[in-house]
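This report describes a two-chain assembly. It begins with a single residue and then turns to each chain and to the contact between them.

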Amino acid sequence: MEPWEYRPAQDLGLSRAERLRSVRREVGLAGWLLSRLAWALIRAYLRLRHRLRIEGRENLPEATPFVMIANHASHFDAITLCAALPAQQRVSAFPIAAGDTFFETDAAATFATIVMNALPLWRRRCGAHALDALRTRLVEDACVFVLFPEGTRARDGRLGTFKAGIGRLVAGTSIAVVPCYIDGAHTAWPPDRRFPGPGRLRVSIGRPLSFEQTENRRAGWESIATELRQAVEACARRT
Amino acid sequence: MTAAERLWDPGSAFDHPVTLWTTVVLIGLLLVAPIVTLALARIGIVGPETRADVLVRCKGWAILAPAILGPILLGSFWVIGATCVLALLCHNELSRATGLFRERLVSLVVVLAIFATALSAADHWYSFFTAIWPVSCAVVAAVAILPDRPQGYVQRTALGVLALSLLVGGLGHFAYIANDALFRPILLWLLVGVQLNDVFAYVTGRAFGRRKLCPATSPNKTLGGAIGALILTTCVSAYVGHHVFEGTGMDTPAALLGAGVLISLSGQLGDLVLSSVKRDLDIKDMGTTLPGHGGLLDRFDSLLIAAPLVFHYVGYLRPGFGLDQPMRILTAP
């Protein structure tokens, strides 16, 4: 018999407001049920109104942890990528959302955590410490991160440059990165519109890459960012 | 008293003198305690540390006392509802602290058992009430197989059974007392007993406590505090109990003193149960539900063991709870 191992919730002892903003947030039964309900509604909405189509699902790794990345041009992107995951993995999928947009007020943070299951990354404080905390969570809990290396929604809908932070998250590890391309999100819900309009959504999922041999330094991070951008472009050409 | 009156008619709240006087004394204490402490601190009898400590406790009670007293005065429906909410919140704390929350099926069985307990209590259906604990323990042992992960099977089953024992077994019996026509004085007698027990242990421990009771489990508890609480709680409980149970099988000196000893011992044991859980998990508080006072389980721990023991002790000697009240008021065939 193995010795008993207690693993208290990682966010134990934090106040409600602190918990909402913690990258160590863990939900209980009620949070899990709420999120399952929210996802059933979101998937139905994406399928019925936006005729969501997903290509390349076979490229998704069976084992977690891994990171899904894509072009970013719309608030649809995170939920669209999560919708592409099988239900088992979606439970442990966390979109990395801008703290300064989604976690400023308690109301926004509650929405972002219950509906999106988002974890915050503050754009002005996304240095080594913040990324290390995220990487620890990703590996220890074997979860899925959904993130957008451009760092913000492209106002013109075209693929921008990738920031080196994605490299810093995965360099020197066996964590798989799955490049994806989302088509139609910018037309359906561009950044300058408050509410989404009609339009078809398509996701193309590429083959996973990993960067075990890449050195965990700036040059390595930048080469990862470049390589991933090319992989996303390749997905775009396939759609 | 009709079932409807008992469930939600606060009109008869103060019919029993024990309810009236407990309410008056509680409100009085809440007002007087901080004033006396401040006055004693000013003339130097009480040190600044004790002063801060007592004031923090008073602040906690200013929130808790109305939250506990309110449902009891409003009616037994509110007692059962509030106990159900309390059990759910305590389950949230316990499962997050032990890691049981990751075992969603086991956790779900505990939650359903808590709801079923509230339903059986509201319905006054005793045989359903007694069935819930053994059945849900068996169901926990069964659903813990489903993840097809033998590693940790014993642990997740045991944690589920512990949660059921403390929350369904412990708090459930507290809720079921609400079916008695005299539920207000009986519940207040029990609550005041276990809470005064804490206060007595604290005060006599400070005055006479030298030998540690069980330093590895709870470093602040002393033998002096435990014995002081045992003597004082037994006296107060027996005195109040005499007025609550007048004319029943409970109303003999031996039965009343026995109940007082039971309340004091089981109250202190409940406290130590929670201390043991926290020591084992290496955490300080069970949660942050009550800002500045730790978790709800930390506050209601002394009730967890006392409620079922006192329920069956009184049920045997008195005898019974709510036997003159209509049964199965929701599900009567």
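## A buried isoleucine in chain A

A:Ile42 is located in helix H2 of chain A, which covers residues 29-50. The model is a predicted one, and the values reported here are computed from it. Because the relative accessibility of A:Ile42 is 12%, under the 20% cut-off, this residue counts as buried.

Apart from neighbours within four places in sequence, A:Ile42 is in contact with A:Ile79 and A:Val115.

## Chain A as a whole

Chain A contains ten helices and seven strands. For its 239 residues, a compact globule would have a radius of gyration near 18 Å; the value for chain A is 17 Å, which agrees with that expectation. Along the principal axes, the C-alpha trace spans about 50 × 40 × 40 Å. Among contacts in chain A with a separation of 6 or more, 75% are between residues 24 or more positions apart.

Of the 239 residues in chain A, 47% count as buried. The accessible surface of this chain amounts to about 12,000 Å², and carbon and sulfur atoms account for 53% of that area. Chain A carries 34 positive and 24 negative side chains, with the centres of the two sets 7 Å apart.

## Chain B as a whole

Chain B has eleven helices and zero strands. Its pattern along the sequence is accordingly written α-α-α-α-α-α-α-α-α-α-α. With 333 residues, a compact globule would have a radius of gyration near 20 Å, and chain B agrees with this at 20 Å. The box filled by its C-alpha atoms is roughly 65 × 50 × 35 Å along the principal axes.

Buried residues form 48% of the 333 residues of chain B. Where contacts in chain B join residues at least 6 apart in sequence, 75% of them join residues at least 24 apart. The chain exposes about 15,300 Å², with carbon and sulfur atoms supplying 71% of this area. Its charged side chains comprise 22 positive and 20 negative ones, and the centres of these two sets lie 9 Å apart.

## A buried aspartate in chain B

B:Asp271 belongs to helix H10 of chain B, which covers residues 253-281. Is B:Asp271 buried or exposed? Its relative accessibility is 13%, under the 20% cut-off, so B:Asp271 counts as buried.

Setting aside neighbours within four places in sequence, B:Asp271 is in contact with B:Asp198, B:Lys221, B:Asp301 and B:Ser302.

## The contact between the chains

How many residues does the contact take from chain B and from chain A? It takes 19 residues from chain B and 19 residues from chain A. The area buried between the two chains is about 1,700 Å², of which carbon and sulfur atoms give 59%.

On the side of chain B, B:Arg96, B:Arg102 and B:Arg104 supply 39% of the area that this chain buries against chain A.

Terms used:
Residues are numbered from 1 along each chain as its sequence is written. Chains are lettered from A and ligands numbered from 1 in the order in which they are written. This is a predicted model: local features need pLDDT of at least 70, side-chain atom pairs count only at pLDDT 80 or more; totals for chains, interfaces and linings use all residues. Side-chain values use heavy atoms; hydrogens and water are left out. Helices (H or I, at least four residues) and strands (E, at least two) are DSSP runs, numbered from the N terminus. The radius of gyration is taken over C-alpha atoms; the globule rule is 2.2 Å times the number of residues to the power 0.38. Buried means under 20% relative accessible area, exposed over 50%, partly exposed in between (1.4 Å probe, protein chains only). Contact means heavy atoms within 4.5 Å. Accessible areas come from the Shrake-Rupley method with a 1.4 Å probe; for residues, only the protein chains shown count as cover. Lys and Arg count as positive and Asp and Glu as negative; His and the chain ends are not counted. The place of a charge is taken as NZ of Lys, CZ of Arg, CG of Asp or CD of Glu. Buried area is the accessible area (1.4 Å probe) that two parts lose on being put together, summed over both.
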